[in-house]
Amino acid sequence: MRAKSLKAAASRPHSLVRREYDHPMVEFTLDGRTVSAPEGELIVHAAARHGTFIPTLCHDSKLDPYGGCRMCVVDVEGAPRPMPACATRITEGMVLSTNGPITDFQRTLTEMLLSEHLNASPGGRPNELLDMANELGAEAPLILPDAKREEYADRNQLMGYDPDACILCNRCVRYTQEVMQCSALSLEGRGGEARIVPTWGLSWLDTECELCGGCLSVCPTGAIYEKFEEGTKRPEHALEQVRTTCTFCGVGCQIDLNLDPETKHIVKVTSKDEYLPNEGNLCVKGRFAFNFVHHPDRLTQPLVRGEDGELHATTWEHAIETAATGLRGVVERHGAQAVGFLSSARLTNEENYLIQKLARTGIGTNSVHSCEST
Amino acid sequence: MGRGASTNSIPEIENARFLFVIGSNTTEAHPVLALRIKKAVRNGATLVVADPRKIWLTKLAKRHLQLRPGTDVWLLNAMMHTILSEGLQNEDYIREFTEDFDAVREIVMRYSPEDAEKVSGVAAEDIRASAREYASERHAAIFYTLGITEHACGVDNIWSLSNLVLMTGHLGYESTGLNALRGQNNVQGLNDSGANPSYLPGYQPVDDPEVRQKFFERWGVEVPEATGYRLDQMMSGLHDDRVKALYLIGENPAQTEPNAHHVEEGLGKLEFLISQDIFLQDTARKYADVVLPASSFAEKDGTFTNTERRISRVREASPLPGDAKGDREIVILMAKALGANWPEYPDAESVWNELADLAPNWNGVRYDRIEENGIQWPVPEIGGPDTPFLHAPAPARPPGKGKFFPVEYQRPIEEPDSEYPLVLSTGRTLYHYNSATMTMRESGITDKQEEPFFEISADDASALGLAQGDLARLVSRRGELEAAAHISDRVFPGLVWMALHFAEQKVNWLTHDVADPLIGTPEFKVSAVRVERAA
């Protein structure tokens, strides 16, 4: 999982996005090989350019360098102690070792985290800590006696938090502060009592939180998760993903619809760092407003208004024939200009193309427009 | 300048050094794009926000130009006045790449910042400082949306912005330009694909005989010559019997159009109405003769085009409910029933290819190039490059010159008076989407915002004896509604604001329907109302 997203971060298609990459290239030594990267790039990204994926937990390329969890430490020749690759920048001639004795340190650190990790993934989201434990061959030597942390309930229906899955990497809090720039979450308490809470102890609905779900998208262990009544029982990797474009505003965020493989119903919406233009970010509507798709109010059969003035269910043949006859009648009585078409920004380019073609070739009018013409 | 689209790309925003956001509540209407603006400011860029309301972005702004609704032309002309009187214009750019500069110079010199202060309420010094900062920063970008276009003088406002851009040469390179933030997911594509009475797909004018001939050759049917009706003309046509049938696809005009009671009267006079939609919305329930159950975005293939002209894939994920059909299939059935001679369209791609063949700037956009991230039109050649920013090296308008359009201030159509003393402005909130047929069905989101509310200043509220959350009645010359008072410093005394999302209390019962004379955009942003305590 990490390897994939790091790879994406290192090869962003829009080179103009990352100004830091405009710096001159410098040579450095990576596990005995001489390679190059832009001066000042973070070691973790510079190494990823050359296929070396350093394990990280608190790091996220959307956030400022943090260096909190120490999972990514590497040996730097001449440095008095191992250095965090997510917060140290490349300089000319640097000599780095990522695969020597340092991996023992990473394994020990992982085991310490596992010894407090009581719930692997409450909402079925991916768990980077477990992935890393697998890669490093780390297992919890014991469960610490004071590992259990106090849960709290919240009345919002969208997101839950389980302190027993949380490794206190602070990515969620940093996302709210650095990306959203709002005051929504804080780290509360110390040691065995520490946990993430909505600011000032309020409900998630009463802080500055905009319910965008950015916190859960950056959480490495799924401690913050979608609190849906159904669907999240199945882990995310068992869902089918279909990439598409969000249907709300004109930004055109790229999303993955996560489907239950049996019903093909949307269970949740996710995104990825390498997607343009949103780079994995979503808003409250993009992430959570998809239930309308499967809502019981959806129209499921054609309706035609009867003599009694009410709409009645009918067959497609009858509905299309009634529609075509109705339009033809108006054209005969009043001319083609008396028919107007109002299309919609909800529709695809292809559908809009066919609708204007229908107006122009099926009826013979140029009167095709929409309320979103501005 | 010659193109109806944002000039620059979304990822470029974070590298801009000066951002001028006017008439766009970006964090609520385009939340993910706003993240780039937030990031730019965090990277040290200067943000100036011009908006009648104290919107969220004003927290990050160096300066908030809190202008009176409808006075944008005064503000912008006075900014240009400052630029010209201080010699901050880009003479080389004006000489080489523009036309008719003198006409604008003549007019804006009559708009001094001091006079602008009297009309707009923005301090002359703030106008001057913003103009100086904008003109002297190379990577200076402008963002606007419906706050400036939904006026009877909407086109004037855009021309003013365009004049400002041309005068400074802030065009044709990265992290600059004039960026229209499109409100809905496929507004850009809807216009690109020719759902427009004046243009065939690709902005090719329908009144050009050569263009009609080109489409005739591909379609095998003559393209009608007579000019079609715009939306506002269709709406007025309901009343004077020019329009007798409407085919609505995903549209709900009884809620989304201004002066909604009047619209409903007109809809009642129709001989025939078809509604093709995913829900039985208001207009269909009351007026439709035929209702065709259609597809949501998750049930179809195709493409959407976003505000930066990026064409991205839409993919079918879920099955259609019950007997509903995809919109493409329905339109094809209608074409057959009406006897149109269409080729087979087995999939969305076959439709796209016809569009791309006929529209020169879309020629190189083919599905195989947009399987991963989308690409940005114009892409004139197959295999050729796409266009992250427009107007390089010169404005797209032939012959490579941008045109200045001098603009004089016009008063809003309806101004407050003793009977209707407050200005009503309308908009969208973060938690809902337009007529909210989709978002009101999400209980997790309506937790945050469900009841109809309006924003009012503390001064106006106390004069009316309204406390926080009190139910009040808003009355205009066209209708009235009830909503809860949300007392807030987001609006200044004399201004109230309401969102358009509430089906039970439609703000468009209140708005007036005098539109911009050139393009027909309604003036949703300025109506006169009075507020009373509800019984």
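**A tour of chains A and B**

Select F341(A) to begin: F341(A) stands opposite Y247(B), a residue of β9(B). The model is predicted, so local features need pLDDT of at least 70 and side-chain atom pairs count only at pLDDT 80 or more, while totals for chains, interfaces and linings use all residues. Residues are numbered from 1 along each chain as its sequence is written, and chains are lettered from A and ligands numbered from 1 in the order in which they are written.

Next, select β15(A) together with residues 245-249 of chain B, which form strand β9; the two strands pair in the parallel sense over four bridges. Strands (E, at least two residues) and helices (H or I, at least four) are DSSP runs, numbered from the N terminus, and two strands pair if DSSP finds at least two bridges between them.

Now show the whole contact, with 104 residues from chain A and 121 residues from chain B. Residues are in contact if their C-beta atoms, placed from the backbone, lie within 7 Å. On the side of chain A that touches chain B, the elements that give two or more residues include α8 (316-334), β15 (339-342) and α9 (349-363). Of these, select α9(A), which gives the most, with 13 residues.

Finally, select chain B, where there are 19 helices and 21 strands. Its radius of gyration is 24 Å, close to the 24 Å that the globule rule gives for 535 residues, so chain B is as compact as a globular protein of that length. The radius is taken over C-alpha atoms, and the rule is 2.2 Å times the number of residues to the power 0.38.

Key: Two residues are in contact if their C-beta atoms, placed from the backbone, lie within 7 Å.
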